[in-house]
Structure formats: C-alpha cells, structure tokens
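Thanks for coming, everyone. Please bring up the sequence and the 3D view, and we'll walk through them together.

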Amino acid sequence: MLVALLVVAASAAPAHASPGDRIQDLGVPLQDVLLIGGTVAPGPDGKTVLWGASSGAPAHLNAVDPATGAEVARYDLPGAGGSWAVEATPDGSVYVGSYGDGRLYRWTAAGVQDLGRPIASEDFIWSVAAGEGATIYGGTSPGGRLFGYDPATGVRDYGKLSAAHAYVRSVSVAGGKIFAGTEAPAKVFEVDAVGGQSVELPTPPGLDPVGKWAYDVNAVGGYLYVRYGGATPGPLHVWDIAARQWVDALDQAHGLDVSPPDAEGRIYFVKGGELVRYDPRTRTTTSTGMPFTGRVANTRGIGWAELGLPDYPGKSVVGLLWRGLMFRYNPETGAKSFVQTGVRGEPIDVTAMSEGPDGRVYLGGFLNGGFAAINPQTGEREEFHTFSQSEDMTTHDGKLYVGAYPEARVYSYDPALPWNSTEYSPSPEPGPAANPARLFDFAADHQIRPRAMVSAGRHLAVGTMPDLGHLGGVLALYDGTNVTSQRHVVPDQSIVSLAYRDGVVYGGTSIYSGQSATPPTQPEAKLFAWSVAENRLLWEMVPAPGKPAIPALTFDDRGRLWGIAGGEVFGVDLGSRKVVSRVTLSASKSAGGQLAFNRKDRKLYGAHAGQSLFSLDPRTRRHAVLKQGPVHHLAVHRSGDVYFAEGSRLFRLQQIR
C-alpha cells in the first residue's frame, strides 16, 4: 500500500485573492505499478532477470532479480509512456517498442539507445519478436504495418499486411518466418523474413474470427500458439508449423505469453486461473496447483531461471504480473510463490473525478487505473486502491458509480463499507460482498468506454463509446435492479456527456468511436433529449456546427442547459430548443473539454480543449482564464471549491469565503 499523500490545507483565501492565490497543488493522488510488456533474459551482469516496462512519464525499463524480487537496474525510456513490447535478442540486446509515439529502444551493456520511430506514420508498437543476432521485428497501429530492425542495416518496412486491418497486434518468429496477428476479424499471417512474401494462415476449424483478435502469437518449439479473443481469457489454438495444420485448442487461456519449452518440449501458461503445463506432442495439460486470481492474470513475460533457493532446485518457471508481483514455480518440487518486486510505482494521469456521497473527492486514472479518495478539508489522500481505468464517476442513490474500461463496465461503491475488490485486489478477502460491486457491462453491444454517467431521478443514466470497428454508443438506464438500453440513439455517434432535469436525460454525442482507428461517418456532434418515463427520443439538434464532440453538459440555477464543444461554450433554452448564448474561447475543434456549474458563486467552470481552466458567468457571459495548462478533468465540490487535474497532479481552486 502506498503512503498517503499529505497536503497542508491553506487558510481560507481573503476576498481580494486572485485565482492564482486560491489554487493549491495537492500533489499526485494516483500512483502505482503498471507492467505491460516483459521478458525473461540475461541482465546487466549476465545473470537472468525479469525485464519489464513500467508505464510512466517517462516509462522505465526495469530489471528484477528473480530470486529476491529486488531491483537490479532501472532505465529511463525518454518519450515513451509505456510499452506492450519487450523482447531480448540472441546477442543480449533488449528491445522495447512504445505506445504513444511508436518509438523503438535498444538496451545493451552500454545503456539504452532511443532508435526513434521505425515507421513515421505509426504511433503504437504492439509487439516485438527476436530474429537472428540483434534483429527485431515489430507490429504497429494505426497503419497495421510490420517492420524489421537490424542495427547493421536499419529499418525494413514490410508494409501493411491487410487492407482491412489497422493493427498488427502480435508478432513471433521461427525458422525465418514472421508470424503476425491482427485485430478483429482475427487473421494470422506468415511472412518470409528475407523475401517479404506473406501468406494468410487458415482460420482454426470451428472458430468464428468475428469480434476476436489474434491477441497473442507465440512460436515455441515448432508450434505456433495463437490466443484468440481480447484482454480476457480466450481459446488458445495450436498450429504445427512443419505440418501446416491446426492440431489442438485449449480453452480459457489467459495470455500474454507461453513459456519457452522445457527439456521435453513442454510449455507453461496460465489457463482457467491456474499455471498449467502443456505437452504439444501428447496434447495433454497438467495442473500445477498454482492459482492466478483476479480479473487481470496475464503473464508479463514468462521464462526459466536458476534461483539458487532450497525449494527451487535447477530451473524454475518465473514471470511478472501487471502490478509488479513476481511468480515462481519449480517443476521438480512443486514449490510455488508470489513475491512483490522492487519495481517502483509511477504517477497515473487522472481520467475521472467526482464528489462522492460522503463528501470526499474521488479520482480514477488512466490505463493502470487506481482509485483514490481525497479529504476536502485537509487535501489528504485518505485511501488508495488498485482498480481499472476509470472513464467517469458520479454519485447516485447514496453510492459512487464508476464506469470502467474496457467492456464498458459499471460498478457501484459504498464508502460506508470496506473496500473488497474481487477483481483487482491481490488477495481479496473471502466471504464479504464485492465493494465495488460489478453491476453490468456492454461488451455484448461492442462497447468499450462508459464515458458519461448522471443521476437521473431513481435511475442511473450511462452513455458509452463503442469498440474498434464499431460506431454508435449506448444509452442505458439502471433502476437498481434492471438495465434498459438503446444503441444508436443518434446513429453512428457515441454518447460522451449527460445531464438530467425533470424526467428528461440530455445527451451530448461524439462522432468518434471509443478507438481512434475507427473512421467516423457523421460530420458533427448532436445534443439530444430522452424521456425516461417513455423511454424514447424526444428531439435532437446541432448546437455547435462543425464540432466533433460535446464532451460536457450541465444545468445552471435558472434551468438553462450549457455545453462545451471544442473552443465554444453554448447555452440552450429548452423551451424553444434553441441556442440562446454562445461564448467563443478559441477556434479549437477538440473532442475534449469539461464544464460544471458551481452553485456557490453561480458560475460555470470548465476545462478548455486541454489548454486552460476557465470560469464563465452564465448571466453576463463574462469569462476568465484561471490557470493556463493541460487541464482535462474537473469537479465542483459542494463547498464551492473546484478540483481539477493536470495529468497526474491534482489542484484545488478554493472558493472565496
């Protein structure tokens, strides 16, 4: 558990204080370990270590001692936010492919070298695989390209593998062939590393590739192991490379990798919440009795190491899990253990915040997620927990509701009860009910982000964004027992903001999907009204022509509905269904923005296109920039204080009292 962040609260600001004088820096409320890509290979002194890339600003390449869990080395990856792609090559190099800027890095005994972007058009390297010597191969998005890199000759672009795909999600190499898997509908290609010729492998018998990714591809010991599905467990199909045919299928494989083979050609991987051994020759699976609990039980690198410990003779299976936990299993003795490693936590960007039912301010974060509660009197962080990436939060009916990525999951959290996350706690307490409790999700509707939530009378209203390759969000109403939902309330548009008044839910849309690689079909965002009692669309309009999204809506004390779209704030008279106020802050067409009404001073507070925090008087339309900076998220507390985030740092603008 991380030590709570302590901030000394300033005394109430005098009436003449400027906005700058009233702003407090509350520090970093969310901080945790997130390891995505990893491998097991020789480290700085030649001994086997667990290599893992931890997300951060910048990301870091970490080397961990598999016998003790201690940090052996830690290297900055400048310009990288994190990495799915970490691999060692036969010459002893370790390569890292980053997301965010699509950069490639190479570690050698001399340190880390930034090799730049292998392909200028690509901003995400999903997977890298070792070839001969120091050669590496990688798969990218959004162009769905395959590349190779040799320090002696530089980058080779193998091009786009499929005109219909934007992702080369997984890559592995064997016998001079590069095997590459795509997003849904899943395809696997075999590419000749020298000639560049590409052949598509047949789909496994009985498998429907629609909606499934070739998420993990691992060529090991003459077989290709392909896990079809997504981030959650799915079927692992086995392809005999020499015979060129699918020979087996294993259910409930977790991924992300399988181990190198043992002396008898058997591999280890996580299946159905347990580490198992699989023999591809006999097609038999053997239990190890080592459990892997929780929602995310994917290995982040798995291999073999000599530990030199009494219960672990010879070589043991070792690997990393996503929160920095290390696992170890010895096939000879059956010894097994989990050890917390010395990988350091990194600040997490805030993605959601809300006042809770207990008056505290709650925050959720990006990717590695996290969940924190801030005491509004002292500014202290009173609790922190591991949790999923949060898309939105809101208080309703005495509980805090949290929308989580992916699968557009919705949870309820009761602050009066102990935290007990059966999905995200390393060792959840048996018996007590889950808190947060997972209520429902919209995976069946191809949704990925529950981006908007609002208390709507006796209902909770939820608006979502769809997954890759899909358009059209869902509007859902939850009455505490049942969920009713409607997709395509506005055709081909996501629902990214919600407000409620007098039996009507008002929604703001976005022309974009929940994944940027999906091209929009609509020209501009819309505002709509939905009757809760009649469960039907009442009307829709375009309040901000040419803007792609309306990311925030709020009511003022006179019943006027306000929204933000790019650099424009607009007020709508609901009686006439017309925009009656319009304030232009800039010409931005950003899809981001925040807006909330403060009942203490009767002003609107907003985050403008990631550029600044501003206030706006809805009566006079006078507005002022309160702080320049990359503000993306904010919440107004009942005290009148405004909380806002710049990346991972939280600030408070104190109300004049």
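First, a word on naming: helices (H or I, at least four residues) and strands (E, at least two) are DSSP runs, numbered from the N terminus. With that, find proline 185, in the loop between strand S16 (177-182) and strand S17 (188-192). The peptide bond from alanine 184 to proline 185 is cis, with omega near -10°.

Some ground rules. This is a predicted model, where local features need pLDDT of at least 70, side-chain atom pairs count only at pLDDT 80 or more, and totals for chains, interfaces and linings use all residues. Residues are numbered from 1 along each chain as its sequence is written, and side-chain values use heavy atoms, with hydrogens and water left out.

Back to the backbone. A cis peptide bond also runs from tyrosine 405 to proline 406, with omega near -5°. Proline 406 sits in the loop between S36 and S37. Glutamate 407 is in the loop between S36 and S37 as well. Its phi is near 70°, a positive value in a residue other than glycine. Why flag these? Because most residues other than glycine have a negative phi, and most peptide bonds are trans.

Is glutamate 407 buried or exposed? Buried means under 20% relative accessible area, exposed over 50%, and partly exposed in between, using a 1.4 Å probe and protein chains only. Glutamate 407 counts as buried because its relative accessibility is 18%.

Aspartate 492 has a positive phi too, about 65°, and is not a glycine. Look for aspartate 492 in the loop between strand S42 (483-487) and strand S43 (494-501). Its relative accessible area is 23%, so aspartate 492 is partly exposed.

Next, salt bridges. The rule is a side-chain nitrogen of Lys or Arg within 4 Å of a carboxyl oxygen of Asp or Glu. How many salt bridges does this rule give? The count comes to 35.

Take three of them. Aspartate 157 pairs with arginine 145, with the closest N and O atoms 2.9 Å apart. Aspartate 157 is in strand S14 (residues 154-160) and arginine 145 in strand S13 (residues 145-150), so the bridge ties parts twelve residues apart in sequence. Aspartate 157 is partly exposed at 38%, and arginine 145 is partly exposed at 22%.

Now arginine 638 and glutamate 355. Their side chains meet in a salt bridge at 2.2 Å, N to O. This pair links distant parts of the chain, 283 residues apart. Arginine 638 is in the loop between strand S55 (631-636) and strand S56 (642-646), and glutamate 355 is in strand S31 (residues 350-355). Arginine 638 is exposed at 53%, whereas glutamate 355 is buried at 16%.

Third, lysine 526 bridges to glutamate 540, at 2.8 Å between the closest N and O atoms. Lysine 526 lies in the loop between strand S44 (504-510) and strand S45 (527-531), and glutamate 540 in strand S46 (residues 536-541), so parts 14 residues apart in sequence are tied together. There is also a network: salt bridges that share partners join Arg295, Glu407, Arg409, Glu423, Arg438 and Asp441. Notice Glu407 in that list.

On to the core. A nonpolar core is a set of buried Ala, Val, Leu, Ile, Met, Phe, Trp, Tyr and Cys residues joined through side-chain atoms within 4.5 Å. Which members of the largest core touch the most other members? Of its 26 residues, they are Tyr362, Phe371, Phe387, Met393 and Leu400. S36 gives the largest share, three residues.

Zoom in on phenylalanine 387. Contact means heavy atoms within 4.5 Å. Beyond its neighbours within four places in sequence, phenylalanine 387 is in contact with residues including Arg323, Phe371, Val402, Tyr411 and Trp419.

Last stop, tyrosine 99. Its place is the loop between strand S8 (94-97) and strand S9 (104-108). Tyrosine 99 counts as buried because its relative accessibility is 11%.
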